[in-house]
Amino acid sequence: MKTAACLDNLPPYLFAEIDRKRDEKRAQGIDVISLGIGDPDTPTPRHIVDAMAEAIRKPINHRYPDYAGSPAYRRACAEWMRRRFGVDDLDPDTEVLALIGSKEGIAHLHLAFSNPGDWSLVPGIGYPVYSGGAVLTNSNSWYMPMHEEDGFLARFWECPPEILAKSKMMFLCYPSNPTAATAPEEYLDRAIAFAKEHDLLLVYDNAYSEIGFDGYQAPSILERPGAKEVCIELFSLSKGYNMTGWRIGFAAGNPQAVKALGTIKNNLDSGQFTAIQEAAIAAMLGPQDCVQQMCDIYRRRRDLIVDALNAIGMQVEAPKATIYVWAKVPDGYTSAQFTEKVLEEANVIVAAGTAYGPYGEGFIRISLTTPDDRILEAVQRIKATL
Ligand code: MLT
C-alpha cells in the first residue's frame, strides 16, 4: 500500500506525540503532570450543557445539519461579533460559516487557496496546523521571523519578493498561541495594508480572543478599517467557553473567502451536529460571566507559575492573554533538551518552543489548564532537576 507523499513530509502531530509520551509514562504507573496541551480542565458552563440537553432531544436535530451552519447559529455568531467587538456589518448568509472547531478551518483554507508549489506566510512561532495544512496541499510555508525584542510580532514585511509573488495567504494569531503576545492596532492595520498590496488572504486566528487579564480585551481584526476586503477571521468556542471537546467555531469576514472555504467543506463534511450549534448559541448569547470567571482562574494560575518560575531562576513575563506562559529555558539547554530533561527527570510535560516553528528555539510553552496545586508541584519538580 502506498500513501500520499505529503504524509511523509508531515512531522508527527505535536499534541498526539505529547499524549503518547504521557500515556507511556502513565502505563508504567508514573504520576505525570501535563502542562502540554491547552485543554481547559474545568467543565463547560452549566447553562450551555443544559441547552445541549434540550437540543439533543429534538428529532429535527437528528437529521443532517445545514452545511454552512444553521441560520440561527450564523445569526448568533454575527450578533456575538456585534456585542463583543462592535463589528455590526457581518451578513450571516454570506460572511459567516460554522466550523467544526477552528482547526479544520485553518487546514481547509489551504485546500481552498493553495495550489501545489504555492506559498503561505506562517508565524515563525505558531500553531502547527498553519504549516501542516500547507504540507497536505503540497504547498510551502515561509516562516515569518518572530523575536522577543519586538514583542513576537511576525515580520511579514521581510518576506522575499520572489516568495511573496507566489503567496496566497498570510496567517496571523494574536493573542498568540504559543507566545501569548498581543498585537497593537497599528500592527493589524499594517498587516491589512500589506495583504491588500500583495493580494493575500489574511487569515486571522482569534481562538484566544476571550482570555484576557488585567483589563486586556483582545480585538477582532474585523474592527479595523478595510479588513473585510482581505481578511477571514477564525473563532473558536473551545477556550472562551470551555468547549474543546464539542468542536465548534466559526469563520467570518471576506465573503469570497467564506464561500471558498464553504465549498471545500461542502465536499468534505456535512456540518456540525445542530444540537451542538444550539448549545453554542446559548454560549454566545447567554450570560457571559462564565468567561470572566475562567479568566480569573487563568490569571491566578498565571501569577502562581510566573512567580514560581522566576523564583527558581527562569525568566518569564506575565502574559496579558491566552492560557499559556512562554518561558525562556535556562542557559545551556536547547528547547528540546530542556523539555526532555523535565519529562525524564520531573515527569512534567511542557511543549518545546521549536515544536511551533524555527523561531521558538530557547523557549518552552506551559499551559495553564491544570489545577493550581499540580502547577505548583510541577514547578517544584522542575526546580529539583536544575
Ligand atoms: C494547544 O494546546 O495549542 C491547543 O489546545 C491545541 C488546539 O487548539 O488544537
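Predicted model: local features only at pLDDT ≥ 70, side-chain atom pairs only at ≥ 80, totals over all residues.
The protein chain is split into two parts. Domain 1 covers 5-43 + 289-385, and domain 2 covers 46-285. Their C-alpha centres are 25 Å apart. The contact between them draws 34 residues from domain 1 and 40 residues from domain 2.

**The ligand**

Where does the ligand lie relative to domain 1 and domain 2? Both domains give residues to the shell around the ligand, so the ligand lies between them. The shell is made of Phe 15, Ile 37, Gly 38, Tyr 127, Asn 177, Tyr 208, Lys 239, Tyr 324 and Arg 365. By type, five of the shell residues are nonpolar, two are polar and two are charged.

| Residue | Part of the residue | Distance to a ligand oxygen |
|---|---|---|
| Gly 38 | polar backbone atom | 2.7 Å |
| Tyr 324 | N or O atom in the side chain | 3.2 Å |
| Arg 365 | N or O atom in the side chain | 2.8 Å |

How much of the ligand does the protein bury? Taken alone, the ligand exposes 270 Å², and the protein buries 84% of that.

**Ser 335**

Now turn to single residues. Ser 335 belongs to helix α12, which spans residues 335-346. Is Ser 335 buried or exposed? Its relative accessible area is 0%, so Ser 335 counts as buried. The cut-off for buried is under 20%.

The side chain of Ser 335 also reaches the backbone nitrogen of Gly 362, at 2.8 Å. Gly 362 is one of the residues that Ser 335 touches beyond four places in sequence.

**Thr 182**

Thr 182 sits in a loop. That loop runs between β5 (167-173) and α8 (185-197). Thr 182 has a relative accessible area of 15%, so this residue is buried. Setting aside residues up to four places away in sequence, Thr 182 touches Leu 153, Tyr 174, Pro 175, Tyr 216, Lys 320 and Ala 321.

**Val 230**

Val 230 is found in the loop between β6 (201-205) and β7 (231-236). Its relative accessible area is 9%, so Val 230 is buried.

Which residues does Val 230 contact, apart from its neighbours within four places in sequence? They are Ile 192, Ala 195, Lys 196, Leu 200, Leu 201, Leu 202 and Asn 254. Take Leu 201 from that list. Val 230 and Leu 201 are 29 residues apart in sequence, yet their C-alpha atoms are 5.3 Å apart in space.

**Ile 100**

Ile 100 lies in the loop between β2 (96-99) and α5 (102-113). Its relative accessible area is 24%, so Ile 100 is partly exposed. Partly exposed covers values between the buried limit, under 20%, and the exposed limit, over 50%.

Beyond four places in sequence, Ile 100 touches Arg 247, Ile 248, Lys 265, Asp 269, Gly 271 and Gln 272. Ala 378 gives another reference point. Along the chain, Ile 100 and Ala 378 are 278 residues apart.

Definitions and conventions
Residues numbered from 1 in each chain as written. Heavy atoms only, no water. Helix = DSSP H or I, 4+ residues; strand = E, 2+ residues; numbered from the N terminus. Buried < 20%, exposed > 50% of the residue type's maximum accessible area, 1.4 Å probe, protein only. Polar contact = N/O pair within 3.5 Å; in protein donor to acceptor, adjacent residues only side chain to side chain. Contact = heavy atoms within 4.5 Å. Near = heavy atom within 4 Å. Areas by Shrake-Rupley, 256 points an atom, 1.4 Å probe, with all protein chains shown as cover. Nonpolar A, V, L, I, M, F, W, Y, C, P; charged D, E, K, R; others polar. Domains from an automatic or database assignment.
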